[in-house]
Amino acid sequence: VVSTQSTESSGINAEYGGFRSSQDTVVALHALTNFAVLTAPSSAETDFSVLIGKGRSYFEKLRIKGSDAAVQEVELPANTGSYKVKWSGTGTAFVQIISTFHQSEMGNRSEEVFGLRLSADMDKSVKQFVVAATFTLDKERAGSMVLVEMKAPTGYSFRKAQVAEMLKEYDIVSRFDIKEGGQRAQFYLRPELEPAYYTIRAPLVKEFSVSNLAPGQVSILDYYDPEVRQVEFYYLDMYM
């Protein structure tokens, strides 16, 4: 169980450093904390170090000794790549590395690049909501790989067969993936697209009713330059 909890985040939501949802993250951290309390040596015996590095070197060292069990946080260099963690000594610690590549300092530049606009209309012919993302590609982005990701609100999901059928209307997607049981749909645009306005539409399937419906999210980014990103939200209750 401990092994599963410790590695679950890497396959479910690695981009945020957490688990599938906020509730899952809280429950998992609570379980791991209880495990540490039950199995850890006494505070007098606790004395160990955690090293964080990259490549062949380590550049951050955290020392935990005695009853000093406070949360320690360090900011790592804003470089892409793989980090490594090494520890030595006696004691127990939970180490979490959080990626914040989705936080862009470019401000309005991303909006100027993509101009992402959303709508969620009810398709009366099939009695389903259809999420539409309209955006523009400039000359630079048209030659790169652009990723559009749609997240379904709680109670709704994307179905692969239905999304594939609707994508037949547009010859702009090289491939798409449905992840997290239909909660996320990712669309990879063809890199040879001409600079222009484009639209991707995807139907939502209602799985169950939810009160106080939270908004869905759509993001668009340059796959090779993820700082160029725009995130917008859509609200289904506006169309009910």
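This is a predicted model: local features need pLDDT of at least 70, side-chain atom pairs count only at pLDDT 80 or more; totals for chains, interfaces and linings use all residues.

A: Residues are numbered from 1 along each chain as its sequence is written, and side-chain values use heavy atoms, leaving out hydrogens and water.

Q: Where is Asp 222 found?
A: Asp 222 is in strand E11, residues 216–222. Strands (E, at least two residues) and helices (H or I, at least four) are DSSP runs, numbered from the N terminus.

Q: Is Asp 222 buried or exposed?
A: Asp 222 is buried, at a relative accessible area of 2%. Buried means under 20%, exposed over 50%, and partly exposed in between, with a 1.4 Å probe and protein chains only.

Q: What is Asp 222 in contact with, leaving aside neighbours within four places in sequence?
A: Phe 114, Arg 141, Ser 144, Met 145 and Val 228. Contact means heavy atoms within 4.5 Å.

Q: Which residue stands opposite Asp 222?
A: Val 146 does. Strand E6 (residues 146–151) pairs with E11 in the antiparallel sense over six bridges; two strands pair if DSSP finds at least two bridges between them.

Q: Now the sheet. What is the order of its five strands?
A: The order is E8-E9-E6-E11-E12, in an open sheet with antiparallel pairing. Strand E8 (173–179) and strand E12 (225–234) are the edge strands, each pairing on one side only.
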